[in-house]
Amino acid sequence: MGPGAVLTAAAKQAEQLRIDGNTYFRKDRFGAAIDAYTEAITLCPNVPIYWTNRALCHRKRNDWTKVEEDCRKAIEIDHNSVKAHYMLGLALLQKNELAEGIKALQRALDLGRGADPKGYMVEEIWQELAKAKYMEWEQASTKRSWELQSLKEACENALKEKHFLDNSQTEGFLDETIASHLKQLEALGQVFERAVEDDAPSEVPDYLCCKITLDIFRDPVITPSGVTYERAVILDHLKKVGKFDPITREPLDPSQLIPNLAIKEAVQAYLRKHGWAYKMDWI
């Protein structure tokens, strides 16, 4: 028996172990599934799905350290593994490595959109990414609020000290001094109100929202008629309802959809400034 035959026999055995592992997984026998995938990895260590399948079992058992280890190995083998980047992102979030977790989830989302824009994983990844982005914004917002409040209090105290000095040095103009002081405090309050406006939830502009779902765009595409839709939503419409633009009623084929990069950039800029809007897409 030559080397090729041995390799083929090992690959067949490894694939059967993967199938066995999948069966154990569906029965919630995660320990047995891990053993099966581990044997498959021993036989064929360069097959990324064996690593991601085992990582999924570790995820079910909340063993995030092993999830991270298996996902990093899978990514070494296949840089474009959606599942590996996705679960790596989840594992990093569990370790409170927010920035790196978001980076991995964003990579998974980009890869997922390229492979299957309507796939269930794209929606799942987006939901987790939106939660992480909202958490990131919330932490930054809390820090900004604390800093602004401290600064406001310092400014108010400085104005009070100035008012006290003015009163001690001014004779016969007490009413004017008080009025000036109150006006300065009011102006100060307005300055700080404007400073916190970006962190206050409001209505997302209509042009940043899909005409069908009314949700903020994630992956906008534009039709020949000039109407912009969420990619997965318009593809679903074309498949289930008919090949026409739901607003203009003009004939429309999936091949005619073009990424609306201008709107996508506008959405990203809006979300960078108004991170609270992420929560509106997963609550």
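## Packing of H5 and H6

Helix H5 (residues 82-94) packs against H6 at an angle of about 160°, and the two axes are 8 Å apart. H5 is therefore roughly antiparallel to H6, since an angle over 145 degrees counts as such. The crossing of these two helices, H5 and H6, is left-handed. The model described here is predicted.

H6 covers residues 98-115, and at 1.5 Å a residue its 18 residues should span 26 Å. The end C-alpha atoms of H6 are 26 Å apart, which agrees with that expectation. Several residues of H6 are buried, including Leu 98, Gly 101, Ile 102, Ala 104 and Leu 105. Further along H6, Ala 108, Leu 109, Leu 111, Gly 112 and Arg 113 are buried as well.

In the model, the span 82-115 is 91% helix and 0% strand, and its end C-alpha atoms are 9 Å apart. For the span 14-47 the figures are 79% helix and 0% strand, with 10 Å between the end C-alpha atoms.

## Overall composition

The chain has 10 helices and three strands. In sequence order the elements follow the pattern α-α-α-α-α-α-α-α-β-β-α-β-α. The chain has 283 residues, of which 38% count as buried.

The 13 residues of H3 should span 18 Å at 1.5 Å a residue; the end C-alpha atoms of H3 are 19 Å apart, which agrees. Buried residues in H3 include Tyr 50, Trp 51, Thr 52 and Asn 53. Arg 54, Ala 55, Cys 57 and His 58 in H3 are also buried.

H3 is followed by Asn 62, which has a positive phi, near 60°. Asn 62 sits in the loop between helix H3 (48-60) and helix H4 (64-77). Its relative accessible area is 55%, so Asn 62 counts as exposed.

Most residues other than glycine have a negative phi. Leu 214 is not a glycine, yet its phi is positive, about 70°. Leu 214 belongs to the loop between helix H8 (174-195) and strand S1 (220-222). Which accessibility class does Leu 214 fall into, buried or exposed? Leu 214 is exposed, because its relative accessible area is 63% and the exposed class begins over 50%.

## Cysteines

How many disulfides does the model contain? The count is zero, where a disulfide would need a pair of cysteine sulfur atoms within 2.5 Å. Cys 57 has a relative accessible area of 0% and is therefore buried. Cys 155 has a relative accessibility of 27%, so Cys 155 counts as partly exposed.

Lys 131 lies in helix H7 (residues 120-169). With a relative accessibility of 33%, Lys 131 counts as partly exposed. Lys 131 and Lys 279 are 148 residues apart in sequence, while their C-alpha atoms are 6.7 Å apart in space.

Terms used. Residues numbered from 1 in each chain as written. Predicted model: local features only at pLDDT ≥ 70, side-chain atom pairs only at ≥ 80, totals over all residues. Heavy atoms only, no water. Buried < 20%, exposed > 50% of the residue type's maximum accessible area, 1.4 Å probe, protein only. Helix = DSSP H or I, 4+ residues; strand = E, 2+ residues; numbered from the N terminus. Expected span 1.5 Å × (residues − 1). Axes fitted to C-alpha atoms, helices over the stretch in contact; angles between N-to-C directions. Parallel < 35°, antiparallel > 145°, perpendicular 65-115°, else oblique. Left-handed = near helix turned anticlockwise from the far one by under 90°.
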